[in-house]
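Please open the structure in your viewer and follow the stops below in order, selecting each part as it is named.

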Amino acid sequence: MGRITQLQVYMLFSQFLYSTAIGFFVSHLVRQARFMVWVSVLLGAAIGLLITYFAYRLSIRRPDQTLGQYGSQIVGRWVHYPLMAAVIAVNLYAAAFITRQVIDFIVINFLPDTPHWAVALLFGFCVARGVRSGPVTVFRSAQGLFLLSVAATLTFPLFISNQIDTDMAIAFITWFEPAGIWNGTVIVAAIFSEMAFIIYFFPYITKRKSMMKSLSWATVTAALVVLMNAIPTIMLFGPELTANLTYPTLEVIRFIRAGTFLENLDPLLIIFWLFTTFLKIAIFTLTASIALTHTMKMDNSKSFSSMLTAAVFVFSIYLFPTAAHVERIAVESEATFLLLPNIVPVMYLTVDWLRSLAKPSAHKAQ
Amino acid sequence: MIGIAAIFLLIGYMEWAYLRRERKSKRTVRIVIGLDVMLIICSEAVYFTRNADVTAGMILNALFTPIQRLLFVGT
């Protein structure tokens, strides 16, 4: 069954992790951690990788199945089914929320006066086709633009290197606010722990023993990209202004003046970043689709994919009345609803460990 | 409202035709069509409450906000 290579795992998760992190989270992160954003990113990435490691440990016990298939053997059907229903619902809600953030971003900055439904219909069609093609195609497509995507996101801070305030650099060491660092860490951990989604794709992946190596490199790459964007943004605008801008990274790109030919680089650079958001929404929807398929003891997630994608895009338009509501939810609860589904495999692993301790022979027989 | 129902009905019909072509079991067809009907109801409910004082999105936000306050320090 395994057709997804470890290189594809690395390339997909690198883009998956930094897509919304640099697009929508920089202002929230800086609002909490200020100059200590680098500590939050490093700590959060480490915690996210640890949560992913627990998901990996659980997956490696039953490598040819996904959580939806074997979860009921661990916690019992009465706990497993409601829990999976909650995970699927939260994943769809998170996908809808991220979709709405992307649609708002496109409409506000590039397509003013365009109705949300028109953007959602076009973007939704692409995501639906991707999700219906299955995990192998989505992971393979991540390879296509990886180099351009990473190069673009790493390049644009370099263009403003002569405009940044270098006197501010000392504050990255002297500023210390433990509460802010912790809050920033939770936000980053919520994003980076999304690698725990491997638990739903495990049977599709080859050379599973080296999975943590690929995911560790993906974490390093994504953390580097986030830092390469967040730190120059702070040094350009200062922490106060960065925290109050809706899209600080876009403002950095608009600061670039690279000659008359490339007077306005933003559409060129945004294209590659937009592809990473496509991957993000596709993986969230695909996770819900696979989890639902396997929980219902079915073998093919194709039949659910189109209708779940349609639901995500309808929810994205009508669940959140205005951009102000989206911003409020992003501040008040986004980190939590991104984090909770990733904690679920840790819970299953704990129960599985306890059960195998209680009945070592029964576990060996499995 | 009609647009949302039309999209889901079209998807439901295409999936039904696909499942019949692939000779899938009746149970599979029932589950897929059942999910489609459930999603139509949910989507229409979300559509009708889109301008209400309390939308479904804000109810979910109210559900997660207390947990985030527990996770965060000093908020």
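**Where the chains meet**

Begin by selecting both chains: 42 residues of chain A are in contact with 34 residues of chain B, contact meaning heavy atoms within 4.5 Å. This is a predicted model, in which local features need pLDDT of at least 70 and side-chain atom pairs count only at pLDDT 80 or more, while totals for chains, interfaces and linings use all residues. Residues are numbered from 1 along each chain as its sequence is written, chains are lettered from A and ligands numbered from 1 in the order in which they are written, and side-chain values use heavy atoms, with hydrogens and water left out.

Next, select B:Lys24 and A:Asp299, which form a salt bridge whose closest N and O atoms are 3.9 Å apart; the term stands for a side-chain nitrogen of Lys or Arg within 4 Å of a carboxyl oxygen of Asp or Glu. Between chain A and chain B the count is two salt bridges.

Now colour α15 of chain A (302-318), a helix that supplies eleven residues, the largest share of the side of chain A that touches chain B. Helices here are DSSP runs (H or I, at least four residues), numbered from the N terminus, and strands are runs of E of at least two.

**Chain A as a whole**

The C-alpha trace of chain A spans about 70 × 45 × 35 Å along its principal axes. Buried residues, those under 20% relative accessible area (1.4 Å probe, protein chains only), make up 61% of the 366 residues in chain A.

Definitions and conventions
Buried means under 20% relative accessible area, exposed over 50%, partly exposed in between (1.4 Å probe, protein chains only).
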